[in-house]
Amino acid sequence: QISFGEDVISRIMYGNSNERRNELRLKIVEDINELIQGLVKDSGVMLPDITFIQCSGNTIMTHMLYGLDSTHIRREPYIPCTAAFPVIRASEVGIKINPRGLLGAIPCVSSYVGGDVVSDALISGIVDSEDVSLLIDLGTNGEMVVGNSEWLVCCSASAGPCFEGVGISCGMRATTGAIEQIEFSTNGDVLEFRVVGNGKPKGLCGSGIIDAVGELLRVGCIDRSGRFNDDACGKRLRESESGGREFLIFSAEKSFSGKDIVLSEADISNLIRAKGAIYNAAEALLRHMSMDFKDVKKIFLAGGFGSNLKIPQAIGIGLLPDVPIDRFLVVGNGSVQGAKAALLSREALKAMQEKVASKMTYFELSVDPIYMNEYSACLFLPHTNIEKFPSVVLPPRKH
């Protein structure tokens with residue numbers, strides 16, 4: 001769907017008629033059918049043998065798959081058409097499996113907390129624990145859930161698409177060639193790096209961007225505002241063709257595309273705004289529950305790149321709270337795990353409906369004065385109030 005907009009809000013705006021909504025739906029269905037064909041080929045299963053598909057996704061994408069009008073999701077009071085989706089024939093939306101095969105979707109909570117987060121909450125075990133836990137699903141929208149077996153409260157913060165590599169000079173999704181981890185020396189040279197697929201690097205995915213910024217801050221190549229320090233960066237710092245300054249990570253001869261891989265000050269600014277939205281949302285949600293990060297026993301990380309995220313780097317830039325590392329637990333792609341559980345277990349699907357979706361209270365951050373007022377304080381590395389990050393050791397300031 002990216003040809004209709006780089007984020008879901010742009011696609012909602014595009015899909016303002018039945019004809020355009022059908023275009024968006026067909027793009028999703030084309031991808032699903034292609035993925036199914038690949039799975040069928042690899043597994044040796046015949047298409048007529050597939051009798052049920054279980055989907056788990058955000059509210060907007062699920063609306064688009066079902067062909068529902070999602071325009072009211074972006075308008076106050078942000079109400080979706082439905083939070084519970086009926087089981088229908090897969091052929092009704094164009095998915096090619098057994099002609100009588102069915103399609104179901106995990107229930108949603110609100111316009112911006114969907115079935116993917118419901119899946120995360122079940123898979124993480126928050127709903128079965130007496131201890132208070134925090135779940136953070138990292139993506140274009142950062143969804144948070146705090147609670148335990150007795151209560152659950154959730155919210156969503158718009159972080160922008162930079163965690164998915166969009167809007168970054170050399171950003172890309174976490175596919176073959178994406179730099180997912182990197183380490184710099186004190187003079188800015190690359191010491192170690194890891195690439196998806198182990199080939200030549202093509203660009204930076206979400207975890208790689210976080211790693212790169214965290215490392216540049218650690219070695220003093222950037223200051224707390226995200227601006228480059230000329231002395232520390234050396235010859236790797238240069239003027240970009242579009243204006244502004246950029247840091248050369250890999251030269252053209254070392255990259256897959258034959259083009260330089262760089263990180264600009266604008267890229268770093270994008271990341272700072274995104275990480276600020278995530279941290280501020282989690283802190284605001286806890287504050288409204290008369291709690292803070294010290295009261296949380298476990299912090300679960302879900303989302304596409306959570307598995308490759310270096311927790312110390314994420315703390316170092318102020319994306320995650322400064323609590324002991326052993327409190328963080330990586331869920332991985334909880335959405336897919338939840339879809340699998342619901343597909344294979346009626347009890348799991350019932351638990352998602354009764355113990356998670358219907359029980360979760362949604363808190364709207366966009367109209368919350370505390371969230372809006374505190375946001376600017378998060379636009380530093382790691383935070384304006386450095387006392388909130390006592391374990392983060394920053395290089396001395398250069399005058």
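Visitor: What makes β10 and strand β11 partners, and in which sense do they run?

Guide: This is a predicted model, and in it 3 bridges join β10 to β11 (residues 245-250). Pairing requires at least two bridges, so β10 and β11 count as paired, and they run antiparallel. Within this pair, Arg238 stands opposite Glu246 in β11.

Visitor: In what order do the 3 strands of the open sheet stand?

Guide: The order is β10-β11-β12, with antiparallel pairing.

Visitor: Why is one side of β10 and of β12 left without a neighbour in the sheet?

Guide: β10 (237-239) and β12 (261-264) each have a single partner strand, so they stand at the edges. From one strand to the next, the twist averages 40°.

Visitor: What packs on the sheet, and which strands does it touch?

Guide: Helix α7 packs there, touching β11 and β12. The direction of α7 makes about 60° with that of β12.

Visitor: Why is strand β7 described as largely enclosed by the rest of the structure?

Guide: A residue is buried when its relative accessible area is under 20%. In β7 (residues 178-184), 6 of the 7 residues are buried, so the strand is described as largely enclosed.

Visitor: In what sense do β7 and strand β8 pair, and over how many bridges?

Guide: β7 and β8 (residues 190-195) pair in the antiparallel sense over 5 bridges. Ile182 stands opposite Phe193 in β8. The two strands form a hairpin with 5 residues between them. In the turn, Gly188 has a positive phi of about 90°.

Visitor: What makes β7 and strand β9 a pair?

Guide: They share 2 bridges. The requirement is at least two, so β7 and β9 (residues 203-204) qualify, in the parallel sense. Here Ala178 stands opposite Gly203 in β9.

Visitor: Which residues in α2 and α3 meet?

Guide: From α2 there are Leu24, Arg25, Ile28, Val29 and Ile32, and from α3 there are Met61, Met64 and Leu65. By class, the contact has 7 nonpolar, no polar and 1 charged residues.

Visitor: Which residues touch the most other members of the largest nonpolar core?

Guide: Leu319 and Leu320 do, in a core of 71 residues. Helix α7 (residues 265-288) gives the most to this core, with 12 residues. Apart from neighbours within four places in sequence, Leu319 is in contact with residues including Leu138, Phe163, Ile210, Ile278 and Tyr279. There is also a second, separate core of 27 residues, and Val8, Phe85, Ile88 and Tyr112 are among them.

Visitor: How do you know whether Asp137 counts as buried or exposed?

Guide: The relative accessibility of Asp137 is 9%. The limit for buried is under 20%, so Asp137 counts as buried. Asp137 lies in strand β4 (residues 133-137). Leaving aside neighbours within four places in sequence, Asp137 is in contact with Asp120, Gly142, Glu143, Ala302 and Gly303.

Visitor: What separates the C-alpha atoms of Asp137 and Leu301?

Guide: The separation is 6.0 Å, while the two residues are 164 residues apart along the chain.

Visitor: How do you know whether Asn198 is buried or exposed?

Guide: Exposed means over 50% relative accessible area. Asn198 has 69%, so Asn198 is exposed. Asn198 sits in the loop between β8 and β9. Its phi is positive, about 65°, although Asn198 is not a glycine.

Visitor: What is the phi of Ser290?

Guide: Ser290 has a positive phi of about 60°, although it is not a glycine. Ser290 is placed in the loop between α7 and β13 (298-302). With a relative accessible area of 69%, Ser290 is exposed.

Visitor: Which residues does a cis peptide bond with omega of about 15° join?

Guide: That bond joins Glu76 and Pro77. Pro77 lies in the loop between α3 and β2 (88-89).

Visitor: What is omega for the peptide bond from Leu381 to Pro382?

Guide: Omega is near -5°, and the bond is cis. Pro382 is found in the segment after α11 (369-374).

How values were computed
Residues are numbered from 1 along each chain as its sequence is written. This is a predicted model: local features need pLDDT of at least 70, side-chain atom pairs count only at pLDDT 80 or more; totals for chains, interfaces and linings use all residues. Side-chain values use heavy atoms; hydrogens and water are left out. Contact means heavy atoms within 4.5 Å. Helices (H or I, at least four residues) and strands (E, at least two) are DSSP runs, numbered from the N terminus. Ala, Val, Leu, Ile, Met, Phe, Trp, Tyr, Cys and Pro count as nonpolar, Asp, Glu, Lys and Arg as charged, and the others, Gly among them, as polar. A nonpolar core is a set of buried Ala, Val, Leu, Ile, Met, Phe, Trp, Tyr and Cys residues joined through side-chain atoms within 4.5 Å. Buried means under 20% relative accessible area, exposed over 50%, partly exposed in between (1.4 Å probe, protein chains only). Axes are lines fitted to C-alpha atoms, for helices over the stretch in contact, and angles run from 0 to 180 degrees between N-to-C directions.
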